[in-house]
Amino acid sequence: MPPHDHLFKSLFRAFFRQLLLLVDVQLAARVAPETAIEFRDKELIPNIPEEDHRVVDLLAAVPDSTGGWAFLVHVEIERNALKDFGRRLWDYSIRLRGSYPEPLVSIVVFLHGGPPGPVWQTHIEETAGHEINRLRYLSFGLSKLPAEQLLARPEPLAWGLAALAKPGKLGRARVKLEALKKIANAPLRGHQRLLLINCVETYLPLKGRHAEEYASLVRAQESPEIQTMQMTWADKIEAKGRKEEREEGAERLRGTVIRQLTQRFGEVPAKLKKRLAAMRSIDELSSVADRILEVRSIDELGLGG
């Protein structure tokens with residue numbers, strides 16, 4: 001999965017209704033603020049051309065008042081706008097409609113390119129010059145949308161997305177400052193704030209004169225909350241990186257242990273593999289690896305294999 005997919009899937013999950021408010025107010029009006037949305041991110045669509053299987057970026061089921069589902073919202077996140085993307089959405093919609101009877105709304109978010117802002121588009125299927133079918137879908141282009149327009153919105157999601165918009169007369173440094181100020185002062189949950197900061201820091205990095213201008217603006221406005229928030233974000237990102245490195249190291253070591261056991265004693269019992277999979281500590285796995293050459297059987301390891 002491309003990095004931007006993961007970032008925006010998490011962001012749109014946390015601010016799903018706000019995404020709908022940004023693309024279509026009437027659509028958002030059908031989703032009450034406290035509605036329990038069911039996300040079906042793992043939905044597989046088979047037989048997409050040139051791909052054996054594909055997982056939809058985001059599939060949300062919106063409940064109705066009877067306990068059923070009012071409609072589904074399928075969101076695709078694309079780095080660049082492609083001319084034939086309507087065809088891809090058409091393929092998605094046919095397969096999703098084959099699995100679910102509810103009305104389906106398709107939305108594509110273009111990080112770069114595409115018409116600015118929310119636009120209803122139409123994909124038409126034709127045969128022998130006759131229209132056979134058509135798909136109406138929403139496109140939401142960010143890169144040509146004025147950042148000032150997003151910063152003026154009341155939805156915190158818009159402030160995070162301003163990092164991908166056109167800076168215009170505000171300039172990159174001021175867009176970043178204004179976005180982070182709003183995020184710092186908004187009544188958000190911790191994980192929501194972190195997701196928005198991550199979006200701004202990832203898609204609006206500043207270097208050279210832009211970085212100098214930003215530092216000057218922060219000092220001039222005496223905004224300690226921004227510096228504190230950025231430091232907290234940096235600490236959490238660093239901690240996450242260290243955790244991922246430890247997990248990756250443990251996974252490699254676990255594979256080494258299983259290979260050594262297989263070479264020494266033959267097929268490793270499923271119960272022992274499960275026990276090793278539960279070990280998250282590199283020290284614990286290293287201890288097992290050190291003992292493999294010392295024991296005469298798997299049972300002597302004392303791991304319940």
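Modeller: First, the terms. Buried means under 20% relative accessible area, exposed means over 50%, and partly exposed lies in between. Keep in mind that this is a predicted model.

Side chains of opposite charge can pair when their charged atoms come close. A search of the whole structure gives 11 salt bridges. One of them joins Arg40 to Glu38, with the closest N and O atoms 2.6 Å apart. Glu38 has 33% relative accessibility, so this residue counts as partly exposed. Arg40 counts as buried because its value is 14%.

Next, Arg87 and Glu125. Their closest N and O atoms are 2.7 Å apart, and they form a salt bridge. This pair links distant parts of the chain: Arg87 sits in helix α4 (residues 85-99) and Glu125 in strand β7 (residues 117-127), 38 residues apart. Arg87 is partly exposed at 38%. Glu125 is buried at 16%.

Glu155 and Arg153 also meet in a salt bridge, at 2.9 Å from N to O. Glu155 is buried, at 8% relative accessibility, while Arg153 is partly exposed at 28%. As for shared partners, salt bridges join Arg87, Asp91 and Glu125 into one network.

Now Asp24. Asp24 is buried yet has no salt bridge. The nearest side chain of opposite charge is Arg136, 7.8 Å away; a salt bridge needs the atoms within 4 Å. Asp24 lies in the loop between α2 (16-23) and α3 (25-29). A polar atom of the Asp24 side chain is 2.8 Å from the backbone nitrogen of Leu27. Leaving aside residues up to four places away in sequence, Asp24 touches Trp120 and Leu138.

Note on methods:
Residues numbered from 1 in each chain as written. Predicted model: local features only at pLDDT ≥ 70, side-chain atom pairs only at ≥ 80, totals over all residues. Heavy atoms only, no water. Helix = DSSP H or I, 4+ residues; strand = E, 2+ residues; numbered from the N terminus. Buried < 20%, exposed > 50% of the residue type's maximum accessible area, 1.4 Å probe, protein only. Lys, Arg positive; Asp, Glu negative; His and termini not counted. Polar contact = N/O pair within 3.5 Å; in protein donor to acceptor, adjacent residues only side chain to side chain. Contact = heavy atoms within 4.5 Å.
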